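Please examine the protein chain shown here.

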Amino acid sequence: MHRVMRVFLAICVALAAGKESEGDGETKPYRQILLFGPPAVGKGTQAKKIVERYGVCHISTGDMLRAEANAAKPSPIGKRAKAVMARGGLLPDDLMIRMVKKRLRKDKACRKKGWLLDGFPRTRLQAEALLTERRASLRPDAVVLIERPDELVKEFALGRCTDARTGQTYHPVYAPPPEELYDQLVWRVDDTYEALERRLADHKASIDGIIAAFEAGGVPVRRFDNAR
Ligand code: AMP
């Protein structure tokens with residue numbers, strides 16, 4: 001079976017297991033989900049599928065920051081994000097925590113339909129900010145952790161490009177773009193060798209603390225292997 005579908009079906013089974021709802025005691029699929037993993041692990045592809053299947057809102061902190069950075073008139077946060085992202089660094093915890101909580105609090109559709117949060121948390125402090133949140137609509141009820149060996153992460157990240165018009169991702173080996181799209185392909189500024197090394201190192205430095213925080217907080221963590 002194709003790798004993307006194999007992982008997606010496994011995620012569906014895990015999410016459907018769900019939790020008992022407080023109102024009627026019925027088991028409902030998880031609806032406040034964290035999507036977690038190293039860069040270029042396939043989170044974007046799986047996010048699209050999960051959102052379609054479960055009708056939850058997709059909140060990607062990377063997309064939020066890129067939108068701020070690429071705005072016609074970038075805000076101070078946008079300017080800062082552009083510089084930090086280009087070198088593969090992380091924005092400060094307090095800024096990211098405020099940004100995510102504001103979005104979850106203010107977006108009524110997300111509160112109603114549930115959400116898939118992608119790219120947050122990146123540090124233990126960010127994880128704890130969600131776990132200690134009093135409002136139930138801001139607390140995750142499951143973590144989907146996608147994994148892939150470093151060598152494969154590098155191969156995917158250093159080759160991937162995106163169709164600027166549709167957002168579809170391509171790769172010269174695994175998903176070659178059709179020739180007619182060549183003129184509209186773009187590359188992420190942080191998919192360079194140096195930035196990727198830094199992003200991977202940050203991920204490795206924080207993952208154990210983040211997982212430990214969720215496990216201690218009683219949030220189930222499900223792991224999915226996205227190697228070939
Ligand atoms: P992503 O699209 O999730 O890979 O994020 C792209 C970049 O945005 C990251 O390399 C960071 O520079 C920044 N970023 C995204 N989410 C966070 C976060 N939760 N904390 C700090 N920086 C972040």
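The points below describe the chain as a whole and then its strands.

This is a predicted model, in which local features need pLDDT of at least 70, side-chain atom pairs count only at pLDDT 80 or more, and totals for chains, interfaces and linings use all residues. Residues are numbered from 1 along each chain as its sequence is written, and side-chain values use heavy atoms, with hydrogens and water left out.

**Overall form**
- The chain has nine helices and ten strands; helices (H or I, at least four residues) and strands (E, at least two) are DSSP runs, numbered from the N terminus.
- Of the 228 residues, 48% are buried, meaning under 20% relative accessible area with a 1.4 Å probe, protein chains only.

**Strand β5 and its partners**
- Strand β5 (residues 115–118) is covered on both faces: Trp-115 and Leu-117 are buried on one side, Leu-116 and Asp-118 on the other.
- Strand β3 (residues 32–36) pairs with β5 in the parallel sense over four bridges; two strands pair if DSSP finds at least two bridges between them.
- Leu-34 stands opposite Leu-117 in β5.
- Strand β4 (residues 57–60) also runs parallel to β5, joined by four bridges, and His-58 has Leu-116 as its bridge partner.

**The open sheet**
- Three strands form an open antiparallel sheet in the order β8-β7-β9.
- The edge strands, β8 (169–170) and β9 (185–186), each pair on one side only.
- Two bridges join β7 (residues 161–163) to β8, where Thr-169 is the bridge partner of Thr-162.

Note on methods
Buried means under 20% relative accessible area, exposed over 50%, partly exposed in between (1.4 Å probe, protein chains only).
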